[in-house]
Amino acid sequence: MPVLSDYHLHSHHSGDSEAPMEAQINAALAAGLTSLCFTEHYDRDFPYDKNPEIPSGDYGMFELDMERYHEELLSLRRKYDGRIRILFGIELGLQPQLNEDYHRFLADWPQLDFVIGSTHLAGETDPYYPRFFAGRSEEEAYREYFAGALSCVRACDCFDSYGHLDYVVRYGPTMDRNYTYEKYRDLIDPLLELLIARGKALELNTSPASKGCRDLNPCKEILKKYRSLGGEMVTVGSDAHTPDKIASSFDRAAQTLLDCGFSQYVTFEKRQPVFHRL
């Protein structure tokens, strides 16, 4: 059975997307999905001033109007009832000092079905911007990112699935052409062990397939290591910010999981895992 649920996607409620929610839903229907989960961005205390590529007029773009978002989602859930399941999620931008704040925030939103935790910053800079890589080797930049990711997972348990573990390679000067898990396993393995010990899922994110990368996020070697350590829960998401990316490369994602020793993928409802056979 293919992957029939997209559990990482954005709409106009996220500051970096202009896609109408209904357009995302219709794209999911066209792709043959049975469910999708909106996971709008909320990066509390994002250091906009440390990322000068972001114009001052866009400061606050990673805040989220939860009331407005939830209201529109419920309206569309009623409209599409019986055609596709629409789940209510969020993507939290992790920083080590934010765990308690995020837990308080989530306590105010028990309606949430699913929470992604993602590391979007290393040293207060988003690797999305070329400045993160300037003046040093790609390996040094990647190592800083993975060290920051490990710090985030050590400090934060406020999520259900850890998003796009090797996010940084999407934007490196040579992306993942010179990247291997082995170079960074001293930082990646403890992160995977923490996820498993805490009962957290790992996300397989298909976005790199459309950016010219050789592999998905995370790479196969990380998925195999996670499985060998006893990890069983993998969510699958396109990270779509536009309708044309909904469920992108999901056939490849399913085959990747099978190749790495998985027989199931997982979705979440009311913050509880639901397993689906591949």
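Modeller: Happy to; we'll go through the sheet, the pockets and a couple of helices. Keep in mind that this is a predicted model.

Biologist: Thanks! What is the strand order in the open sheet of seven strands?

Modeller: The order is S1-S2-S3-S4-S5-S6-S7, and the pairing is parallel. Strand S1 (5-6) and strand S7 (234-237) stand at the edges with a single partner strand each, so one side of each has no neighbour in the sheet.

Biologist: How many bridges join S1 to S2?

Modeller: Two bridges link S1 with strand S2 (residues 35-42), and they run parallel. Aspartate 6, for example, has leucine 36 in S2 as its bridge partner.

Biologist: Now pockets. What volume does the largest pocket have, and which residues lie nearest its centre?

Modeller: Its volume is about 520 Å³. The lining has 27 residues, and Asp16, His41, Tyr128, Tyr171 and His241 lie nearest the centre. Sorted by class, the lining of the largest pocket has eight nonpolar, 11 polar and eight charged residues.

Biologist: And the second largest pocket, what lines that?

Modeller: The second largest pocket holds about 180 Å³ of space. Its lining includes Arg77, Arg83, Arg85, Asp113, Glu269 and Lys270. By class, there are seven charged residues, four nonpolar and one polar. Strand S3 (residues 85-93) gives the most to this lining, with three residues.

Biologist: Switching to helices: where is leucine 191, and is it buried or exposed?

Modeller: Leucine 191 sits in helix H5 (residues 185-197). Leucine 191 is buried, with a relative accessible area of 1%; the cut-off for buried is under 20%.

Biologist: What is leucine 191 in contact with, leaving aside its neighbours within four places in sequence?

Modeller: Leucine 191 is then in contact with Ala149, Leu150, Val153, Tyr162 and Leu165.

Biologist: Why would residues a few places apart point the same way?

Modeller: An α-helix has 3.6 residues a turn, so residues three or four places apart point the same way.

Key: Residues numbered from 1 in each chain as written. Predicted model: local features only at pLDDT ≥ 70, side-chain atom pairs only at ≥ 80, totals over all residues. Heavy atoms only, no water. Pairing = 2+ DSSP bridges. Helix = DSSP H or I, 4+ residues; strand = E, 2+ residues; numbered from the N terminus. 1 Å grid on protein atoms, 1.4 Å probe; cavity = no way out; pocket = protein on both sides within 12 Å on 5 of 7 lines; lining within 4 Å. Points joined across faces, edges and corners; volume = space filled by probe spheres on them. Nonpolar A, V, L, I, M, F, W, Y, C, P; charged D, E, K, R; others polar. Buried < 20%, exposed > 50% of the residue type's maximum accessible area, 1.4 Å probe, protein only. Contact = heavy atoms within 4.5 Å.
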